[in-house]
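The following paragraphs lead the reader through a protein and its ligand. The sequence and structure are shown first.

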Amino acid sequence: MIHFQDVSMVYPDGTKALSSVDLHFERGEFAFITGASGSGKSTLLELIYREMEPTGGEVIVDGQDVSKLPRGLVPLLRRKVGWSSRTSACCRSARCGKTSASPWT
Ligand SMILES: Nc1ncnc2c1ncn2[C@@H]1O[C@H](COP(=O)(O)OP(=O)(O)OP(=O)(O)O)[C@@H](O)[C@H]1O
Ligand SMILES: [Mg+2]
């Protein structure tokens, strides 16, 4: 499971990316994270796999507070976490379209 408890993220330059976020996903749950550009989607994902730590609140993955995870166990955390980006899916189909329309194929 993935649990956010009152999570905030302020970047070192003062940009507030997330403010008091609460969310909960159970194992096997299918969820979309949507929002305008700059609304904090990437920040949220980066907190889940501990690319960085929240400036406030707790991010819990599989029962573990990721901020308290010893650095050596971060690779194990990352093996548990995956997501699909709409952007990469679009890129793949765009590449397919370009290839099949190419005069060199
Ligand atoms: N390393 C950083 N330093 C400072 N501000 C940042 C940093 N990364 C992101 N931000 C800012 O944090 C906010 C959230 O950015 P984030 O990239 O998480 O949004 P997003 O929803 O993923 O946007 P997009 O849809 O364009 O990918 C934005 O205001 C962004 O400019
Ligand atoms: Mg993003």
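**The sheet and its surroundings**

Four strands form an open sheet in the order β2-β1-β3-β4, with antiparallel pairing; strands count as paired if DSSP finds at least two bridges between them. The edges of this sheet are β2 and β4 (64–65), each of which pairs on one side only. Between β3 and β4, which run antiparallel, there are two bridges. Ile-60 has Asp-65 in β4 as its bridge partner.

This is a predicted model, in which local features need pLDDT of at least 70, side-chain atom pairs count only at pLDDT 80 or more, and totals for chains, interfaces and linings use all residues. Residues are numbered from 1 along each chain as its sequence is written, while chains are lettered from A and ligands numbered from 1 in the order in which they are written.

In total, the protein has three helices and four strands. These are DSSP runs numbered from the N terminus, helices being H or I of at least four residues and strands E of at least two. Along the sequence they follow the pattern β-β-α-β-β-α-α.

The largest nonpolar core has 12 residues, including Ile-2, Phe-4, Leu-44 and Val-66. Such a core is a set of buried Ala, Val, Leu, Ile, Met, Phe, Trp, Tyr and Cys residues joined through C-beta atoms within 7 Å. A residue is buried if 20 or more other C-beta atoms lie within 10 Å of its own, exposed if 12 or fewer, and partly exposed in between, with C-beta atoms placed from the backbone. At least two core residues come from each of β1 (2–10), β2 (16–25), α1 and β3 (56–61), and β1 gives the most, four residues. In soluble globular proteins, nonpolar side chains tend to be buried together. Of the 105 residues in the protein, 12% are buried.

Around ligand 1 lie residues that include Tyr-11, Asp-13, Lys-41 and Thr-43; a residue belongs here if its C-beta atom, placed from the backbone, lies within 6 Å. Helix α1 (residues 41–48) supplies the largest share of this shell, three residues.

The average pLDDT of the protein is 85, and 82% of the residues score at least 70; pLDDT is the predictor's confidence in each residue, from 0 to 100. Over residues 93–105 the pLDDT is below 50, and this stretch has two contacts in the model beyond near neighbours in sequence. A contact requires C-beta atoms, placed from the backbone, within 7 Å. Where pLDDT is low, the predicted coordinates should not be read in detail.
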